[in-house]
Amino acid sequence: MDRVARAQLRYLEERSASWVAKHLVMAGRLLEDDPELAYEHTLAASRRGGRVAVVREAVGIAAYHAGKYADALRELRTHRRISGSDYNLPLIADSLRGLGRPEKAIELAQSEECANLESAVKVEMQMVAAGSYGDLGKLDKALAELESLEQLNFNRAFSFSPRLFTAYADLLSAAGRAEDAKRWNAQVEVAESALGIERETESFIMDLAPEMDEEEETPRAKDLIEPSEAEEADADAEEADSEAEAEEAEEGEAEQTGIDEEDDLNEVIESDTEAGEADVEEESAK
């Protein structure tokens, strides 16, 4: 869980913050492999943290990956109102596209709201716009949308280049330019290699926070002594327990303990840091 998310959760009561954090962590771990279950985890988090921006964002992103575009649209718009961030505008536009409204997605991509987006987000938005034109059968406009990007460079790789190259190759294929599509598809792997992106690698898991760790189990005294001695120790322990129970009965006191109903989820996938620009000329030569 990143620093910004942790900071936002500090405004919740401690027990609720722990509950929300655990569900968000599990949602992040499951997002790619089981988006439906990831979505369920984000809904659980929203029950106690529904007013926190990062929680609404997580619900929206999980809903988007699960194909629940109406829910994604609602939650991502709510996140934008709470946070004031335009970072998820491409997902909002693509959710409109998923709902069968590509014209609205194009309208949003061409709006003043998107004029001042940072470079990476703007590229994502233009990919959505190109896909929307493709949905409408306007392949020339779709190709022109991507070809207007200076980042669409065969010999340069940015963090988003694998997705950009893939989107461009798909449009080229749809337009009947099979050879060009093949070249750009091959360059996807070259870009991933240059950026250090490995496929099908196991996730690196780290503890969420020291205070959430379970206490390390220590060996019991009877595990460290000989069997015969252990039997004597057990007998002594049973006798001591009987005496303790008798004392409690005489005093008429009974200690009550609560049951923690929360999940025992204390692991988190370390988020990949955004890869920077990389030169792939040497890789493409290979």
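A residue counts as buried under 20% relative accessible area, as exposed over 50%, and as partly exposed in between. This model is predicted. With those cut-offs, Phe154 is partly exposed, because its relative accessibility is 22%.

**The aromatic cluster**

The whole structure holds five aromatic pairs. One of them joins Phe154 and Trp184. Their planes stand at 90 degrees, with the ring centres 5.1 Å apart, so this pair is edge-to-face. What does the pair tie together? Phe154 lies in the loop between α9 and β1 (156-157), while Trp184 belongs to helix α11, so the pair links parts that are 30 residues apart in sequence. Trp184 itself is buried, because its relative accessible area is 9%.

Trp184 also pairs with Phe165, again edge-to-face. Phe165 sits in helix α10 and Trp184 in helix α11, so this pair ties together parts 19 residues apart in sequence. Is Phe165 buried or exposed? Phe165 is buried, with a relative accessible area of 0%.

Here are the two pairs side by side.

| Ring pair | Centre to centre | Angle between planes |
|---|---|---|
| Phe154 and Trp184 | 5.1 Å | 90 degrees |
| Phe165 and Trp184 | 5.0 Å | 70 degrees |

Ring pairs link Phe154, Phe165, Tyr168 and Trp184 into a cluster.

**Charges over rings**

Arg183 lies over the face of the Phe154 ring, 4.6 Å from the ring centre. A second case involves Trp19. The charged end of Arg48 sits over the ring of Trp19, at 4.3 Å from its centre.

**The nonpolar cores**

The largest nonpolar core has 25 residues. Which of them touch the most other members? They are Leu146, Leu152, Leu164, Tyr168 and Trp184. Four helices each supply at least two residues of this core: α8 (119-135), α9 (139-147), α10 (161-174) and α11 (178-195). Helix α10 gives the most, with six residues.

Take Leu164 as an example. Leaving out residues up to four places away in sequence, Leu164 touches Val123, Met127, Leu146, Leu149, Gln151 and Leu152.

**Putting it together**

Methods:
Residues are numbered from 1 along each chain as its sequence is written. This is a predicted model: local features need pLDDT of at least 70, side-chain atom pairs count only at pLDDT 80 or more; totals for chains, interfaces and linings use all residues. Side-chain values use heavy atoms; hydrogens and water are left out. A nonpolar core is a set of buried Ala, Val, Leu, Ile, Met, Phe, Trp, Tyr and Cys residues joined through side-chain atoms within 4.5 Å. Buried means under 20% relative accessible area, exposed over 50%, partly exposed in between (1.4 Å probe, protein chains only). Contact means heavy atoms within 4.5 Å. Rings of Phe, Tyr and Trp (its six-membered ring) pair if their centres lie within 6.5 Å; planes under 30 degrees apart count as stacked, over 60 as edge-to-face and the rest as tilted. A charge sits over a ring if NZ of Lys or CZ of Arg is within 6 Å of the ring centre and within 35 degrees of the ring normal.
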